[in-house]
Amino acid sequence: MLLALGLCGTGLLPAAAASAATGPGAYAFAPGARTVEGTASAAGAPRLDPGRIYRGSLPAHGRLTYRLDLADATATAYVPVTAVPPAHTDVTSTDGIRVTVRDAHGTACSFATARFGAGLSPRPVTALGKREAGRALCRGAGTYSVLVERLDTGGTSAPWDLELAPVMEPRLTSPGPTGAPQAWDSASPEPITGEARERAGGAGFTAARALGPGVWRTALVPGRTVFYKVPLDWGRRLQAAAELGGAAGHGYVGGALDLSLYDPVRGLADDVSLGYTGVRKPVALAPLPPVEYTNRYAAPAAVSALRFAGDYYLVLHLSDRLTETFGPGPYEVTLRVRVDGRAHAGPGYAGRPEPDGVFTPTAQDEAAPPIGGGGAGSAGGTGSPAMKAVAAGGIGLGTALLLVLGGWTLAARRDQTRVSAQKPTA
């Protein structure tokens with residue numbers, strides 16, 4: 001997919017045209033999220049159940065612990081934690097959070113950090129902790145702890161809100177290859193052109209708006225973060241770039257525009273930002289491979305994160321420091337999206353993931369176009385009874401679409417033959 005952002009003219013939109021960007025706004029937490037209070041140590045830590053979403057709060061210089069009970073030694077657990085600082089608070093580039101998963105003996109299974117970066121602008125950041133089955137460490141079932149630490153330099157004492165969304169991935173029905181794919185096309189594609197259509201982003205992961213290939217337009221004010229989701233089936237590939245167009249004014253803003261890509265369990269695949277002088281300038285994610293189960297065995301995060309089918313999240317943030325130099329906006333943003341690659345059936349799981357459907361691409365909503373041909377949509381989403389029956393039979397979505405299209409073509413040919421047979425001869 002290609003995603004590009006552009007500012008037209010001065011980069012500012014009239015207020016009447018900016019209904020999608022009326023202010024930085026708050027993060028949209030998942031409806032019905034359970035409130036949870038972490039503890040200072042593993043003793044008495046609250047339990048996180050995979051498939052549920054939780055909301056909490058992280059104090060300044062805080063460290064909170066949660067409990068994860070894993071009854072299945074062969075399943076992989078993911079614990080994404082999103083930290084949301086208050087708008088307009090002072091942050092440094094190295095401020096952020098760290099998430100660590102430990103076993104009952106204190107051995108670290110994984111750790112990940114997420115920082116605000118060069119934009120020096122408060123925004124939601126997400127770090128992913130995980131207990132991966134089949135690794136040398138943390139092999140068994142039992143109780144694991146999830147430690148969430150705030151990394152800050154004392155710029156503000158205000159607490160940061162948290163959203164925790166644990167996920168459980170079952171083992172495969174039969175063992176498969178354990179090596180990363182060796183070859184894929186890493187060339188950057190040509191950008192998509194065409195007339196832009198309006199498409200506002202959501203304010204959080206669970207509020208993300210669906211995008212298909214094409215050219216889209218929205219409006220952002222400095223400090224705002226928006227979320228889009230792109231359904232990707234097995235074998236499909238996403239590519240994204242962002243362009244911030246020209247604006248009136250003089251000066252420089254580091255990290256003015258940030259573009260991030262997260263996988264279906266909110267693991268960060270790539271994150272890029274650009275410095276801005278008011279002149280149109282593009283930025284692009286690294287070339288990405290097609291979605292494959294075996295990507296998890298690759299070392300680079302931009303490859304390893306592309307390990308599931310499901311909804312991938314493109315997250316855009318416009319630094320609040322743009323206001324000082326180039327004005328309060330809102331700014332017009334143009335999105336260019338590309339998805340390619342051939343869809344195919346994925347590996348079989350020996351059980352249901354939690355939450356159910358997390359590794360199934362969602363159906364496109366009515367405002368978004370189809371995600372290309374050859375199986376870009378969802379095998380488990382809405383659609384015709386024929387499509388649902390094919391999906392239930394375990395056929396890959398690309399094959400399903402070919403079957404449906406072939407059926408339509410055959411029916412059309414039969415009708416044409418019937419009409420021709422009924423015509424009188426001269």
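Buried means under 20% relative accessible area, exposed over 50% and partly exposed in between (1.4 Å probe, protein chains only). This is a predicted model, where local features need pLDDT of at least 70, side-chain atom pairs count only at pLDDT 80 or more, and totals for chains, interfaces and linings use all residues. Residues are numbered from 1 along each chain as its sequence is written, and side-chain values use heavy atoms, with hydrogens and water left out.

Q: How many aromatic pairs are there?
A: Rings of Phe, Tyr and Trp (its six-membered ring) pair if their centres lie within 6.5 Å; planes under 30 degrees apart are stacked, over 60 edge-to-face, the rest tilted. Go by that rule and the count of aromatic pairs comes to 10.

Q: What kind of pair do Tyr-27 and Phe-29 make?
A: Their ring centres are 4.9 Å apart. The planes meet at 80°, so the pair is edge-to-face.

Q: Are Tyr-27 and Phe-29 buried or exposed?
A: Tyr-27 has a relative accessibility of 9%, so it counts as buried.

Q: What sort of pair do Tyr-27 and Phe-227 form?
A: Here the ring centres sit 5.9 Å apart. With the planes at 75°, the pair counts as edge-to-face.

Q: How many residues apart in sequence are the parts tied together by Tyr-27 and Phe-227?
A: Strands are DSSP runs of E, at least two residues, numbered from the N terminus. Tyr-27 lies in the segment before β1 (34-35), while Phe-227 belongs to strand β14 (residues 225-232). Both residues are buried. The pair therefore ties together parts whose separation in sequence, in residues, is 200.

Q: Which residues form one aromatic cluster?
A: Tyr-27 and Phe-29 pair up, as we saw, and Tyr-27 also pairs with Phe-227. The one cluster holding them is made of Tyr-27, Phe-29, Phe-205, Phe-227, Tyr-262 and Tyr-313.

Q: Which residue lies over the face of Phe-29?
A: A charge sits over a ring if NZ of Lys or CZ of Arg is within 6 Å of the ring centre and within 35 degrees of the ring normal. At 3.8 Å from the ring centre of Phe-29 lies Arg-55.

Q: How far is the charged end of Arg-296 from the ring centre of Tyr-293?
A: This is another charge sitting over a ring. From the charged end of Arg-296 to the centre of the Tyr-293 ring is 3.7 Å.

Q: How far apart in space are Leu-316 and Leu-220?
A: Leu-316 is found in strand β20 (residues 310-318), and with a relative accessible area of 0% it is buried. In sequence, Leu-316 and Leu-220 are 96 residues apart. In space, C-alpha to C-alpha, the distance is 9.4 Å.

Notes. Helices (H or I, at least four residues) and strands (E, at least two) are DSSP runs, numbered from the N terminus.
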